[in-house]
Protein chains: 2
Amino acid sequence: MQNERPLILVSNDDGITAWGIRTLVEAVAAIGEVVVVAPNKPQSGMGHAITIGHPLRLNKSKVFGEDVLAYECSGTPADCIKLARHYVLHDRTPDLIVSGINHGSNSSISVLYSGTMSAAMEGAIEGLPSIGFSLCDFSHKADFSHTIEYVQTIVREALIQGMPEGIALNVNIPAKSEEPIKGIRICRQTKGHWAEEFEERTDPYNKTYFWLTGKFVNQDKGQDTDEWALSQNYISIVPCQADLTAHHLLGTLNQWNLK
Amino acid sequence: MQNERPLILVSNDDGITAWGIRTLVEAVAAIGEVVVVAPNKPQSGMGHAITIGHPLRLNKSKVFGEDVLAYECSGTPADCIKLARHYVLHDRTPDLIVSGINHGSNSSISVLYSGTMSAAMEGAIEGLPSIGFSLCDFSHKADFSHTIEYVQTIVREALIQGMPEGIALNVNIPAKSEEPIKGIRICRQTKGHWAEEFEERTDPYNKTYFWLTGKFVNQDKGQDTDEWALSQNYISIVPCQADLTAHHLLGTLNQWNLK
């Protein structure tokens, strides 16, 4: 890597025209050769969905100008990474996969619902260093200007240090405010859930429909958590892995009477 | 619970008319009061997707006869559990959530892509005992007859023992064969990934499209894994939790130069 620029694959879940991915491409183009494969429409909340049962489309895109090889894809963020790896890049292996910058937080349990982190996790599952970036500001007019230096610091350090195989970093960056960002914290995922409420409405044809709304409930006040770090205006980094096994419960379950 | 039948909420990802959910309803109706909220169309591979940005529909269904309260929902498996909890059941808390029986295995890394397990994980995140069942047979004509006794054994034991909060069981059942099932094993998730290949085709309008295909690659020969158990004709049970944090790497990452 000393003699050539690292190959950085970029995706997201807000779609290829979102401001967040524009910022991310700008940040990492200063560090390496960039290839983008991103959804052609918003895919927020897609979790680790993949497209089976219908075919995928992939088209070249010029949204990042002539110098960046970019494709828009009809599928989910996980599909984008799979297509990038096995079709677009096929015999080249990216040195790093980055996803985002998401318009909105993906801290705590949101990591599971997040299309942004799904792209990063897909990379990690395939053994590639992967990082998902999110800005804690859902606004479509969100100001991403303060994120660039932090994205570059984290990307450079990940390339220097190398990442343990199978790991994706979940990076959340506080919204721009008058208070300066205090720094970067390595955290664990906060224990929490979304307390849902459904707004019931009636359509013009007199049929009922529902809007999903909800409020995050933090069940975990630990000062080693991502929610705590963000509440103190730190950037949070949670190293994530794809093994869901509750290893500490294997013994308990072996006591069950299942013979 | 001694004096009344447990309330069991049923969902799946193959859709409300699939054979797998029919078998699951039949199995658990012998144990408790059953309420079904399931997708109105197949949602395989939906991972932990939720529906935001467009509204959800929910309609009563009579596919399980007059005695089972059932709804079909336009959303994902995770949406179904959220709507069931907060709208259909609103002031009643299910004693158990079961999802499946999936047409096809959800062992190893497939747990992350699985809509079946997403419904169960959604229950676990909300603090409810939840179990996802899958049959290792993708055929639409799969024979589910041997699964009923095992589903009932596991459901009864989960109700008796209670499950640790935040845990969903990922149960995979070998396909019906002449070899008898050897028993039930508590396992950890196998380390593996899907090696993708994309089949490139040209449509009648001369445009390219892709079908996602792939082959599971097992990177883990441990005899304590779900893949090993299934290969030996055991039923596998993996206790799953929603914390993705790679806790063992927090120290390593704290050595990075991120100041």
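How many residues does the contact take from chain B and from chain A? In this predicted model, 65 residues come from chain B and 65 residues from chain A. On the side of chain B that touches chain A, the largest share comes from helix H2 (residues 77-88) of chain B, with five residues. By class, this side of chain B holds 37 nonpolar, 18 polar and ten charged residues.

Chain A contains an open sheet of nine strands. The strand order is S3-S4-S2-S1-S5-S6-S7-S11-S8 (chain A), and the pairing is mixed. Strand S3 (58-61) and strand S8 (183-186) of chain A form the edges. Each of these edge strands pairs on one side only. On average, neighbouring strands of the sheet are turned by 20 degrees against each other, direction ignored.

Is Leu58(A) buried or exposed? Leu58(A) counts as buried because it has 23 C-beta neighbours inside 10 Å, and the cut-off for a buried residue is 20 or more. Leaving aside neighbours within four places in sequence, Leu58(A) is in contact with Tyr71(A), Cys73(A) and Leu83(A), and with Phe210(B). Val36(A) lies 22 residues from Leu58(A) along the chain. The C-alpha atoms of Leu58(A) and Val36(A) are separated by 12 Å.

Chain B also has an open sheet of nine strands with mixed pairing. Its order reads S3-S4-S2-S1-S5-S6-S7-S11-S8 (chain B). The edge strands are strand S3 (58-61) and strand S8 (183-186) of chain B, each pairing on one side only. From one strand to the next, the twist averages 20 degrees. S8(B) pairs with strand S11 (residues 234-240) of chain B in the parallel sense, over four bridges. Within this pairing, Gly183(B) stands opposite Tyr234(B) in S11(B).

The chain B sheet carries a packed helix, H1(B). H1(B) touches strand S1 (7-11), strand S2 (33-39), strand S5 (96-103) and strand S6 (130-135) of chain B. The direction of H1(B) makes about 145 degrees with that of S5(B).

Helix H1 (residues 19-29) of chain B also packs with helix H5 (residues 147-161) of chain B. Their axes are 9 Å apart and meet at an angle of about 50 degrees. H1(B) and H5(B) are therefore oblique to each other. The crossing of H1(B) past H5(B) is right-handed. H1(B) contributes Thr23(B), Leu24(B), Glu26(B), Ala27(B) and Val28(B) to the contact. H5(B) contributes Thr147(B), Ile148(B), Val151(B), Gln152(B) and Val155(B). By class, the contact of H1(B) with H5(B) has six nonpolar, three polar and one charged residues.

Conventions. Residues are numbered from 1 along each chain as its sequence is written. Chains are lettered from A and ligands numbered from 1 in the order in which they are written. This is a predicted model: local features need pLDDT of at least 70, side-chain atom pairs count only at pLDDT 80 or more; totals for chains, interfaces and linings use all residues. Two residues are in contact if their C-beta atoms, placed from the backbone, lie within 7 Å. Helices (H or I, at least four residues) and strands (E, at least two) are DSSP runs, numbered from the N terminus. Ala, Val, Leu, Ile, Met, Phe, Trp, Tyr, Cys and Pro count as nonpolar, Asp, Glu, Lys and Arg as charged, and the others, Gly among them, as polar. Two strands pair if DSSP finds at least two bridges between them. Axes are lines fitted to C-alpha atoms, for helices over the stretch in contact, and angles run from 0 to 180 degrees between N-to-C directions. A residue is buried if 20 or more other C-beta atoms lie within 10 Å of its own, exposed if 12 or fewer, and partly exposed in between; C-beta atoms are placed from the backbone. Angles under 35 degrees count as roughly parallel, over 145 as roughly antiparallel, 65 to 115 as roughly perpendicular and the rest as oblique. A crossing is left-handed if the near helix is turned anticlockwise from the far one by less than a right angle, and right-handed if clockwise.
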